[in-house]
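Me: Please show the sequence and the structure. Some questions and answers on them follow.

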Amino acid sequence: MQTEQPPAEEPRIWGGTTLTERREARRTALLEAALDLIGESGAGAVTMRAVCRRATLTDRYFYESFASRDELLDVLYRQIADEFLDPMTAFAVADDPDRDRALSEALVDKVLQDPRKSRLFLVEPYSSTGLGQTTIAVMPAFTRLIQDHLFAHIDDPVRRRLAAVTMASGNAGMFSAWLNGTLRATRDQIVDHLVATIDAYRGMYP
């Protein structure tokens, strides 16, 4: 005998939005608040209370989305890493003679686009903010992109990875110095340097 299934529960609407939409809006507000604090004072300024004050939300809503301040930073860092990786991938995989310059320009312009995000991604991992393990987990994706596409001509896998890891870590340090003001250079100088660096590493292992 077939029993009648109860009708699916309709999402509760309040103020024109569902509960899921309101939760997502609060989560986004908390992440944006954290970014603002990072832009002003660095990741050390990100605490549960400071984020809630900036987002005008109570701690109840903070814990609705994040178990801790470290989890919020982890989520935010990974989101920003994806935002950097996506345009880099689009240029890196292209079969274009101007690929190196297009990739370098896309990366530099991404760094300049939102100082808050660039500070978290490229400067804060060098300070004691608890981002070390997250950075270690994220960076291999960038290294693989370099070794699989920019240095694909290097037959020896160890040398190919050596070149990719060294270039990725060196560029991260360079961008960190540029953003924190200890390296003074123009956008075009940074782009030219990145293009020359790619070419130099290719020449190491012909």
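Me: At what angle do the axes of helix α1 and α6 cross?

Reply: This is a predicted model, where local features need pLDDT of at least 70, side-chain atom pairs count only at pLDDT 80 or more, and totals for chains, interfaces and linings use all residues. Residues are numbered from 1 along each chain as its sequence is written, and side-chain values use heavy atoms, without hydrogens and water. Helix α1 covers residues 19-41, and its axis comes within 8 Å of that of α6, with axes being lines fitted to C-alpha atoms over the stretch in contact and angles running from 0 to 180 degrees between N-to-C directions. The axes cross at roughly 80°.

Me: Which word describes how α1 lies to α6?

Reply: Angles of 65 to 115 degrees count as roughly perpendicular. The crossing is at roughly 80°, which makes α1 to α6 roughly perpendicular.

Me: Which residues of α6 make the contact with α1?

Reply: Contact means heavy atoms within 4.5 Å. From α1 come Glu32, Leu35, Asp36, Ile38, Gly39, Glu40 and Ser41. On the side of α6 they meet Arg116, Lys117, Arg119 and Leu120.

Me: Which residues of helix α2 are buried?

Reply: Buried means under 20% relative accessible area, with a 1.4 Å probe and protein chains only. Helix α2 spans residues 48-55, and its buried residues pack against α1, α3 (59-65) and α4. They are Met48, Ala50, Val51, Cys52 and Ala55.

Note on methods. Helices (H or I, at least four residues) and strands (E, at least two) are DSSP runs, numbered from the N terminus. Angles under 35 degrees count as roughly parallel, over 145 as roughly antiparallel, 65 to 115 as roughly perpendicular and the rest as oblique. Buried means under 20% relative accessible area, exposed over 50%, partly exposed in between (1.4 Å probe, protein chains only).
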